[in-house]
Every structure is written in C-alpha cells, then in structure tokens.
Amino acid sequence: MSVLFYQFLLFVSLALCSSWIQGQTLPRITSDVNEASGKSFDYIVIGGGTAGCPLAATLSEKFSVLLVERGGSPYGDPLVLDTKYYGFSLLRTDQYTSVAQSFVSNDGVSNLRGRVLGGGSAINGGFYSRASEDFVKKVGWHKETVTNAYQWVESRIVSKPELTPWQYAAEFSFLEAGVFPYNGFSLDHIEGTKIGASVFDEQGRRHTSADLLEAGNPNHITVLLNATVTNVIFHERGDRNETIARGIRFIKSNGNSSEIYEAHLNQPENSCSGGDVILAAGALGSPQILLLSGIGPHQHLNNFNIQLVLDLEAVGKGMKDNPGIALLADPIPKNFPPEPPKVVGIADDFKIIIEAGILPVGSNATIMPIAAKLAFPESEGKLELNSTDPRENPSVTFNYLAKEKDLAQCVKLAQLLERVVRSKSIAFFLGIERKPKDELMSTEDELRKLCTKNVRTFYHYHGGCTMGSVVDKDYRVYGVKGLRVVDGSTFFESPGTNPMATLLMLGRYQGMKVLQERENA
C-alpha cells in the first residue's frame, strides 16, 4: 500500500469518524502528559485495551479515572476501523508507534500485541463469543452479573454478521468434516458449528473497546494516550506493616525515557475506602509492570537492580499460548478482499477450535488460511524482563507442545484441518476438482512433524498474573493494598472460542464489583 494512498484513506476515515462522533459525548482524550502529570484521581487504570476501557467507563460512573494507554487513537485509522483493510495493520509494525507491536517468543514463534486505544479489539478478527458456563463456574464469577455485563457490552458494540460466500464455504466444510451439530447464530460457547457475533457492524466498521468509553461519565475520565507506565509508586506504612499503591510513573512512549512524570491516587479521609491502581495492560504488559515495580521473584529483580517491594514468585509464571496450525485452502495467493472469520467449529469435547478467514500478505495479494487451535494446552512457560525499559517487549517462553498430551491432541487437530481443506465445499468454492491423490491423508508421524515444525500462535496468550497465585478472587494483588490486575494475565485458560468477549465483559463486571465494594464500605 503506497504512502499517498494510505494518506487518502486516512483523510476519508477522519471525515467519517468526525461525522460518527458528532452527537456523542466522549471523554477527554489527549496525548498531553500535563493533563495527568502531578494530578490525582480516584482510580488509575493502566492499559486502554479490551478490558481497560469498559473498566474505566464503569468506574467513571461515580469516580474520577485516569486511563493510561501506551499507544495512540484508533479513530481516523482505516486500517483499524474498516473491514476492507482487515489485517493490514498487522503488516505495518515499528518499534514505538504502530498499532500492533511485534515480538518473537523464545520458542521462535512470531506474535503480536495491541498498542492502541482498544488494544487487541482494535487489531483482531473481531469474532465475539461468550465463555462457557463451565469457565464461569471455575473462575467463581456470579452468573447473573456476568450475563448483565455481557449484555452491556453487546448492546453497544456487537453485531450479528452476514455471511460471505467464503464463510458459507467454511461453514459447510466444517459440517462436512464432522463438526456437529449445526447451531446457527449463537453467542454461547457450544460444541458444533456456529456463526458467532462480531464487533464489525453491518457497514463494515469495527467497534473497539474504546467505543465503550462513551458509556462512561465524560466528566470523570481522562484518557492519556502515547504514555508508557514505568512502575507503580508504593508507600510503606510502617505502623501497620503495609505496602500501599499510591500512583504511577510514566514516560512518553516515543520520548526520552529519562523524562518521567507522575500521577497519584486521591487519598480519602477514610483509608479503608480509597481507590486503586489497576493493571489492565494484558498478559505481557501487566506482569512486566509488576516486575518493573519490584513485585516478582527476588533473584530476577536483583539481576536488574530493581528494588524489591514484594517477593512474589508467581509473577510471570503460568504463561500459556494456545498452539495453532494453519493450512491454506489454496497455496496460490489470490486477490480476494480481506475477511475476518465469522463461523467457528468447536470440536472434540471443546478441545479444538477451527475457523477460516482471508488475510492480506501484500497490497494486492491475500491468502485463505483455515486455522485451528488447542483450547486447553497443558504446556506452559514464563515471562521475564529483557530490560528496565517498559517500551521493550519482555522475554516470554510458551513451550508450545512441550507436553506429549498437547502434541497428541495437535495430531487430531491436524487431521480435522486436512478433512476441512480437502472437503468438497472448499473445492466447489475454489472452482477446482479434487483428484484421488488429493484424498490421501497424512500419517500420524507426518502430522506430528507438521505440528512441531509449523506451530503458530492464535494470539490468545494468557497467564503471568494468574488468579490464586498473583491475585485473589477480587483481582487484588497478594501482599499489597490498592493494586489490582484485571485482564487476560489472570486467566488459567483462554475462555470461549477466543477471549475478547470475556475480557470486555470482565472490565464491566469487575468495575461493577468495585463500585459495589465502595458503596458497602
């Protein structure tokens, strides 16, 4: 895509975006650090991503909130907002400013993380599907409150999609491969083939979690963009032997790392009813910030000369990423328009998730991957610091398929993929005729090699601040007061077909819980 063409798209999108914003009350969104530096707020939310935006909007109903996002605004960027350019934002990455930040795990697998207001919901496929009832029970959430939180999200940014010819072909191919029953459109995580919801609307416009900020009190929210948090500020209260979060330090994301600013929590007269610093920076960002703040394994922090606040060994542990395999419906790139997945197959007692999309590989070329992931991998790794610069990616290892059980399950996943790719439905869509040799299935040994050689990410990594190890059931960090983590780093597994819907719900859910706590206090 040429620079001039991109600038033209940007101009058109800005005009459309301005038209859309008219009549809506949005919070103060700024990149001016002076809007937050030296000021105090009832709550400080670090990370304006999938969970952070609904969390900030909810807290703002009664309290002042500073929402700090290391990236910029999604508004006005057609590569983020327009379904016609789905996937292009993933091709344009740089060190400090791109909406997607690339990283490579120590396993050698390339990956991405969101760096924009809206987080992962601004760069992903937009597929929306709730968590299973079993997941809700295991986490210990209140079922009715969870449903209300989902509905709050869905009434604002979620749509029922219309299927394209390619999505119809995918749907029929899943059924042809034995992914039954057919469930039609459903928000629920149920076994079989179904159409999910989407954050892309009928006009093809993406609605990120940032749109949920409009549901908050605009007079109570300050959204600070292009600011990266370096660490949490703590106060040691010797008379009670307590460590309390009192604020944050931050830098300009593309500025001088030695120019450090501070924002603080308001200190109420009643110390029992104060606000919190809440990490919502994602499965890489939140454990990284805890480590940079002096909370984590003592020896690891000592290696970076970080003053110990709390020796909490579990920070950075339990990192998981759902291993995936993708096969191309056609090895020859096409010129079809990019297309996010709208149909999903949930197979083998919920253990395998399969979907199909169309992704750009250049300005005029697209590929048609059919991809599947293991929903419950047993293999896990860890996250550690690479440096004390918060803008750098941390070091992360996922140990994909390290456990034999995961590798054996990947073989079953690959067998399902082969059946789908070689289905009559896919052949009919491509206008080709399958030959007898095309029906030959790979051997188990060949598929084991395929899995180990071609394992990829589904971008659903989680862990690092897991519930029960780093945070309690109310998402408070063990051993300190006034500090919580509310994002995918607390998950022990990725909920539903993908975590976006549940992270959006979690921000609303936990915000409501905090408001109730303050009311009770």
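Predicted model: local features only at pLDDT ≥ 70, side-chain atom pairs only at ≥ 80, totals over all residues.
Me: How do S12 and S13 run, and how many bridges join S12 to S13?
Reply: S13 covers residues 242-252. The two strands run antiparallel. The number of bridges joining S12 to S13 is ten.

Me: In what order do the four strands of the open sheet stand?
Reply: The sheet is open and its pairing is mixed. S2 (40-41) and S12 (227-237) stand at the edges. The order is S2-S14-S13-S12.

Me: Why is one side of S2 and of S12 left without a neighbour in the sheet?
Reply: Both S2 and S12 are edge strands. One side of each is left without a neighbour because each has a single partner strand.

Me: Is the link of Cys-410 and Cys-451 left-handed or right-handed?
Reply: The angle about the S-S bond is -100 degrees. That link is left-handed.

Me: Are H9 and H11 roughly parallel or roughly perpendicular?
Reply: Their axes come within 9 Å. They cross at roughly 105 degrees. Angles of 65 to 115 degrees count as roughly perpendicular. H9 and H11 are therefore roughly perpendicular.

Me: How many charged residues does the contact of H9 with H11 have?
Reply: From H9, the contact includes Glu-404, Cys-410 and Glu-418. From H11, it includes Glu-444, Arg-448 and Cys-451. By class, seven residues are nonpolar and two are polar. The number of charged residues is four.

Me: Is H2 roughly parallel or roughly antiparallel to H12?
Reply: The axes of H2 (residues 52-59) and H12 (residues 500-520) come within 7 Å. They cross at roughly 30 degrees. Angles under 35 degrees count as roughly parallel. So H2 is, relative to H12, roughly parallel.

Me: Which residues of H2 meet H12?
Reply: The crossing of H2 and H12 is right-handed. On H12, the residues met include Leu-504, Gly-507 and Arg-508. On H2, they are Pro-54, Leu-55, Thr-58 and Leu-59.

Terms used. Residues numbered from 1 in each chain as written. Heavy atoms only, no water. Axes fitted to C-alpha atoms, helices over the stretch in contact; angles between N-to-C directions. Parallel < 35°, antiparallel > 145°, perpendicular 65-115°, else oblique. Left-handed = near helix turned anticlockwise from the far one by under 90°. Contact = heavy atoms within 4.5 Å. Pairing = 2+ DSSP bridges. Disulfide = S-S within 2.5 Å. Nonpolar A, V, L, I, M, F, W, Y, C, P; charged D, E, K, R; others polar.
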